[in-house]
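Good morning. Please have a look at the model on the screen, and then I will go through a few of its parts.

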Amino acid sequence: MVREKDVCWEYAEKLDGNKVRCKFCMRVLNGGISRLKHHLSRLPSKGVNPCSKVRDDVTDRVRAIIASKEDVKETSSTKKQKLVEVKSPVSVSGSKALVVTDVSSPVAKVFPTVTPMANLPSNNQDNAERSIALFFFENKLDFSIARSSSYQMMIDAITRCGPGFLGPSAETLKTTWLERIKCEMSLQSKDIEKEWATTGCTIIADTWTDNKSRALISFLVSSPSRTFFHKSVDVSSYFKNTKCLADLFDSVIQDFGPENVVQIIMDNSFNYTGVANHILQNYSTIFVSPCASQCLNLILEEFSKVEWVNRCIIHAQTISKFIYNSVSMLDLMKKYTGGQELIRTGITKSVSNFLSLQSIWKQKPRLKHMFNSPEFCTSSSYLNKQQSLSCIAILEDNEFWRAVDECVAISEPFLKVLREVSGGKPAVGFIYEMMTRAKESIRTYYIMDENKCKTFLGIVDRKWRDQHHSPLHSAAAFLNPSIQYNPEIKFLTSIKEDFFNVLEKLLPTPEMRRDITSQICTFRKATGMFGCSLAMEARDVVSPGLWWEQYGDSAPVLQRVAIRILSQVCSSFTFERHWNAFQQIHSEKRNKIDREALNDLVYINYNLKLARQTRLKPIEADPIQFEDIDMTSEWVEESDNSSPSQWLDRFGPLDGNDLNTRQFSAAIFNSNDPIFGL
């Protein structure tokens, strides 16, 4: 008898032998359809790597298929035993309950322990998942928590404990474990501090406003191994007072040691000039640099304000709103795109705009096919409706597609730079060259259109050269071996003066600069260890800081300077901020004990997220794009009176440069909801 085709084949492509290719992540698996199911289920079993791109509905479907097959394999004696336990309500005890809940819990009242036989979960897997689901629903937890690496670690640890495990009480979590894990993180930060003597560190001052218009500054410290969250400070009462802000920065610099700090990165949302001047006057070896990611976002924001670019974005949003506000259209779109989303949510509104245009451009043939398909053309729900007619007109407009193509072409070089500087790795040695190449791409693209070339290059120069230029970037480019020894690089002469100025700042006395000229010549001419085969082969392979550490012994003074410069980041981290948590830390109503506990919680939470982002490889996560789309953005939400900032309105008045926050303060949470029960 011919075996019926497995329904899961719609998610895979059959290859030669017993191999299959997942249609979501394109990974090739050995072992056929069975291993594919475990791959799509994202369950830790069979030694199969879970799929990182599969849709949640597919995962649920595959898990149900796996669970049903496991249920069939159960012995009849086990089934009879379960029936006896269910049929006899008197004999059902707390240890045999399908869902273990506190009798006083609202969940226990709505979902009692003893349920009708028809509603019983089919097996232990369903029972466990149901209990976890109820835990999420009762406590208003964001579903994205299930993607956290610690989520599965927690489940695995509980499983290893076996039956009878009792979780820690609220008091134990708030006291014993909070203190223990904070101490563990503090020890980790102490270990990282040991490298500062060699690499130096960067202090990042991340400034934003909460939904009560309070100005908060989060201080982080970054070095090649890790970036750590230090603390957040409410500066609302002295936000425009240069003296008070300068005192605050003085205290933070002393926390890390002035001799260890190479630069301070701050945005321009507060009294930047006054504080920067204070630091430069009082700390001769510390540089002050604007945040590169903020500057790049401002460039993209200005791009999107150009009249024809803005019109293109609005037309594209017309299509996305029509699709995402109809369940049937969304299902149809997923069918034609192979389950892929049409739009993207980036770390800021302008990044979201250009990422979404890129996605729409890639899906162009599929979109056209969908709007010409029998499913669409014969549906009374869409036929002759104003929105559908508008979408069809836009999709058939060649001018629209030319504009999309142009938007993608001019934005992609700057999105690429943004990815490089936002990943948390030392990028100061590359930022100058990357921006030079991005500007060159504009010149090349508009070689036949001088007016547009001037428009976009003018935006870049105003936002980058005039506001963001730092001599540290020039010096880092000069010391980067992949740039210094590249014959195609033409800007080395123009940055030499900045390089010398940086050397004078970091080596302030003649004694410290002794023999520095000959060492610069040794480096530039690639003599000594700089010219050995290993050093030449590693120029474009290893990080510039590591290259100098390994091959810079021929110029020891220059080596120390180069390692300190090239080990720095040039941007703050870009992930969702914890608005509610920070808001509650600085609440006047909170008592001292609760405030200290919440401070510790945010310290732990922030550093766990930093550690996770550091571990993720670029192929696993895009540092400028969130995994979930923002269903309240202008690309989805329809409004009669939409405003450019509406997608962030639910967070109250925010600084124009704030990152988009979607998860922690999603609509399910009220702004007054307590965090962690404090």
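Contact here means heavy atoms within 4.5 Å. With neighbours within four places in sequence left aside, Leu141 is in contact with Phe135 and Phe136.

Before going on, a note on the source. This is a predicted model, in which local features need pLDDT of at least 70 and side-chain atom pairs count only at pLDDT 80 or more, while totals for chains, interfaces and linings use all residues. Residues are numbered from 1 along each chain as its sequence is written, and side-chain values use heavy atoms, with hydrogens and water left out.

Back to Leu141. Where does Leu141 lie? Leu141 is in the loop between α5 (124-138) and α6. Helices (H or I, at least four residues) and strands (E, at least two) are DSSP runs, numbered from the N terminus. Buried means under 20% relative accessible area, exposed over 50%, and partly exposed in between, with a 1.4 Å probe and protein chains only. Leu141 has 23% relative accessibility and therefore counts as partly exposed.

Next, α6 itself, residues 149-161. After α6 comes Gly162, with a positive phi near 80 degrees.

Now the sheet. Two strands pair if DSSP finds at least two bridges between them. An open sheet of 5 strands runs in the order β6-β5-β4-β7-β8, with mixed pairing. Because β6 (227-234) and β8 stand at the edges, each with a single partner strand, one side of each is left without a neighbour in the sheet.

Which sense does each pairing have? Strands β4 (residues 201-209) and β5 (residues 215-222) pair in the antiparallel sense over 8 bridges, and the bridge partner of Thr207 in β5 is Ile217. Strand β7 (residues 261-266) pairs with β8 in the parallel sense over 4 bridges, and Ile264 stands opposite Val288 in β8.

In a regular strand the side chains alternate between the two faces of the sheet. In β8 (residues 287-290), Phe287 and Ser289 point one way and Val288 and Pro290 the other way, and all are buried.

Last, a helix pair. Residues of α13 (327-337), including Met329 and Tyr336, meet residues of α15 (364-371), among them Arg366 and Phe371. That is where I stop.
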